[in-house]
Number of protein chains: 2
Amino acid sequence: MGRALDFYFDFSSPYGYFAAARIDELAARHDRTVNWRPILLGAVFKTTGQRPLTAIPLKGPYAKRDLHRSARLYGIPFAVPSKFPIAATGACRAFYFLSDSDPARARKLAFELYKAYFTADRDITSADVIVDIATSLGVDKEGLTAALNDPALKERLRSEVDTAIGRGVFGSPYIIVDGEPFWGADRLDHIDRWLTTAGW
Amino acid sequence: MGRALDFYFDFSSPYGYFAAARIDELAARHDRTVNWRPILLGAVFKTTGQRPLTAIPLKGPYAKRDLHRSARLYGIPFAVPSKFPIAATGACRAFYFLSDSDPARARKLAFELYKAYFTADRDITSADVIVDIATSLGVDKEGLTAALNDPALKERLRSEVDTAIGRGVFGSPYIIVDGEPFWGADRLDHIDRWLTTAGW
């Protein structure tokens, strides 16, 4: 088993969702695992001076088109949520509440949150929605509810975002493979080849 | 023979160069031709408020890495020019000087200009360099030299850029296939499939 891939993503990022739907299977084919790492692009954009994709003239309308087209191409259910983009702070905190003790369940929770947001138009900024989804996966309700406002968990998320920026992460998805960074759902094919050929 | 693909690009765009190296062959496989359309992204960015890729913190360093990696993947010779990015006004004008009367030679000139800039580090903002490359392709030296400062040609370029913005072009390469827009050298695979399946 080779080193884990570091998979940085924002819960508000549709391309992050597309990558989330495919990355574990891709990694497994190469006998690799994936280290899921949700972050907040809002904090990253303060460093880079960027704006959300959909806020950019001309690029925004194109992006919506490319999103639907990409979803159909990959066969992934997708709808633009009515509230978009969002700052998915609570979703990130719920992930890190679980990730150390139960990374498999944390990963499952992350994908369920993505699906709830991008296929069922559920508002994953709501603590009630997060707790509802998490408890359906067997997560302790009271523990999670308390954790969502735990200063230690807030600090943990801040530190994960800082680490990401320190590693050069500027968008979502951003995947680091043995030190080599790849940005964008459309780079999964490159990653596949990179892992096949040990670089090129 | 189906409708031509509209291929918008900036001479300063490495991803435009990568697309230029592959698009004619791709189109020919689908019995299509390509309508090459150089534009100036600087003018486009005034509309969209974007900045050149390499000027964006974190994204710039990543882009350089992705460029070299993509060039190796596609097998295209590539080096970052010492003067980069540039406003390739003269190169565009030289193209439009030829494009109506001799589109095949205009297309050939465009690719030679790209190669000179991205493989031989020649300064294609220099009228001398442009004329040198064009005359090696049999273009009339005096006619071109005069044309580079012809107000009608300046206006033609301005109008091409305006048309591009009106059609939603915000980056390079930007390719319109039967009304469907595709942005980025990494969308050539999507275009290939789009042409194979008549959309999806």
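In this predicted model, strand β1 (residues 5–9) of chain A pairs with β3(A) in the antiparallel sense, over three bridges. Within that pairing, Tyr8(A) has Tyr174(A) of β3(A) as its bridge partner. Strand β3(A) also pairs with β4(A), again antiparallel, over four bridges. Here Ile176(A) stands opposite Pro181(A) of β4(A). The hairpin formed by β3(A) and β4(A) has two residues between the strands, and Asp178(A) in this hairpin takes a positive phi near 50 degrees.

The two pairings are listed below.

| Strands | Sense | Bridges | A residue pair |
|---|---|---|---|
| β1(A) and β3(A) | antiparallel | three | Tyr8(A) and Tyr174(A) |
| β3(A) and β4(A) | antiparallel | four | Ile176(A) and Pro181(A) |

Strand β3 (residues 174–177) of chain A is covered on both faces. Tyr174(A) and Ile176(A) are buried on one side, and Ile175(A) and Val177(A) are buried on the other.

Strand β4 also takes part in the contact between the chains. This contact takes 20 residues from chain A and 20 residues from chain B. On the side of chain A that touches chain B, the elements giving two or more residues are α2 (41–48), α3 (59–74) and β4 (180–183) of chain A. The largest share, six residues, comes from α3(A). By type, the residues on this side of chain A divide into 10 nonpolar, six polar and four charged.

Because 100% of the interface residues of chain A are also interface residues in chain B, the copies meet through the same surface. Chain A is superposed on chain B by a rotation of 180 degrees with 0.0 Å of shift along its axis (RMSD 0.0 Å). That is the relation of a two-fold axis. In chain A, the C-alpha nearest the axis belongs to Asp186(A), 3.6 Å from it.

Key: Residues numbered from 1 in each chain as written. Chains lettered and ligands numbered in written order. Predicted model: local features only at pLDDT ≥ 70, side-chain atom pairs only at ≥ 80, totals over all residues. Least-squares fit on C-alpha atoms with pLDDT ≥ 70 in both. Contact = placed C-beta atoms within 7 Å. Nonpolar A, V, L, I, M, F, W, Y, C, P; charged D, E, K, R; others polar. Buried ≥ 20, exposed ≤ 12 C-beta atoms within 10 Å, placed from the backbone. Pairing = 2+ DSSP bridges.
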